[in-house]
Amino acid sequence: MKVVYSARQEAHAPEYFLVSGRQRAHPDVPVRIESLLSGVTTLGPDVIDAAPVALPYLKRVHTADYLAFLESAHARWTVLPNAGPEVVPNAHARRDGGGYPTSVVGQAGYHLIDLASPIGRNTWPSVLWNAHSAATAASMVRDGEAAYAYALCRPPGHHAGPDFAAGFCYLNNAAVAVEVLRERFARVALVDIDVHHGNGTQEIFIDRPDVLVASLHGDPAEFYPFFWGYACEQGTGAGLGANINMPLARGTGDDAYLTALETVLHQVRAFRPDALVVSVGFDGFIDDPLAFLALTTPGFARIAQSLSRLNLPTVLVQEGGYNTHELGRNLAAFLHAFETSSDEVTGSAFTQ
């Protein structure tokens, strides 16, 4: 298993987020990386340092205004009178047209659509190297150096849309991986198994017929991100039919999840993709602090086996999964099962 990670990602250390009107310690802390690395090292692979290759792909995924905001926001924020240590919006755009503010306060409200994604002094360089990790892993698969590769990305990325951050996410690492793969593969499927719907990923590819986005997640009628992820959202324009949402009931366990996954993968096979990206999340674990589902460590291994049977060149991109004692074990179980059950993939061959 090829594993890509950059230690530069550790510098992003958000202080808090707001939940039900209360300020709470932010769960996406740098120690998450230690837990994930512990799971990787039990498998014995060399961890490859990311190369600075993501920027051209980020420009395909995100708007120029948004990238400029992420890069400059904290420095502009710190010169405001009585500014706090992190960029946190106090006004939100209705996002129905109109002008684009020049004030960093206004831009924060435009681009940060919830109160879970504060921007600190080290956020931009950290998330940029995060995206480099995804792009490096995808480049290895694109170039035939590996049949599959895992990008250890933290913070996650699947809530980040073309011009917005949300849900701890700033840059959409999985979307970057898709764009890298598209340089060789005509059709790419992205399957998101994080407990939350990947609303940012959906927004990025919603009208694309060459990229299938499929997500299994907690029912947004009562779970974040609330406004995306319903089964009726099937794509727009040329992308109609290339977006699949499978909302799941609270407390869904391994067996029911695997049944739903097989339904989704049947539709993935019908799309006939040439390559695969998986947004890997472990926050559906029964003891995760953000849990909505009730998945177990053996369940994650079974999920990995199902995905590996697609027999496609694959990039695995880390999304959620927060600090439990089992986080590293869940990752190790997933990666081991994926690797041991994967057939050798050559070129863009697709096996039914």
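Predicted model: local features only at pLDDT ≥ 70, side-chain atom pairs only at ≥ 80, totals over all residues.
**View 1. The ring pair of Y100 and Y110.** With ring centres required to lie within 6.5 Å of each other, the count of aromatic pairs in the model comes to ten. For Y100 and Y110, the ring centres are 5.2 Å apart and the planes stand at 90°, so this pair is classed as edge-to-face. The two residues, ten positions apart, link distant parts of the chain, with Y100 in the loop between α3 (64–77) and α4 (104–111) and Y110 in helix α4 itself. Y100 counts as partly exposed because its relative accessibility is 31%, and Y110, at 23%, also counts as partly exposed.

**View 2. The edge-to-face pair of Y148 and F338.** The rings of Y148 and F338 lie 5.5 Å apart, centre to centre, with an angle of 80° between their planes. Because Y148 belongs to strand β5 (residues 148–151) and F338 to helix α10 (residues 327–341), this pair ties together parts that are 190 residues apart in sequence.

**View 3. A cluster of rings formed by F17, F168 and Y322.** In this view, ring pairs are what link F17, F168 and Y322 into a cluster.

**View 4. Charged ends of R8 and R187 over aromatic rings.** The charged end of R8 is placed over the ring of W129, at 3.9 Å from the centre of that ring. Over the ring of F271 sits the charged end of R187, 3.9 Å from the ring centre.

Definitions and conventions
Residues numbered from 1 in each chain as written. Heavy atoms only, no water. Phe/Tyr/Trp six-rings, centres within 6.5 Å; stacked < 30°, edge-to-face > 60°. Helix = DSSP H or I, 4+ residues; strand = E, 2+ residues; numbered from the N terminus. Buried < 20%, exposed > 50% of the residue type's maximum accessible area, 1.4 Å probe, protein only. Lys NZ or Arg CZ within 6 Å of the ring centre and 35° of its normal.
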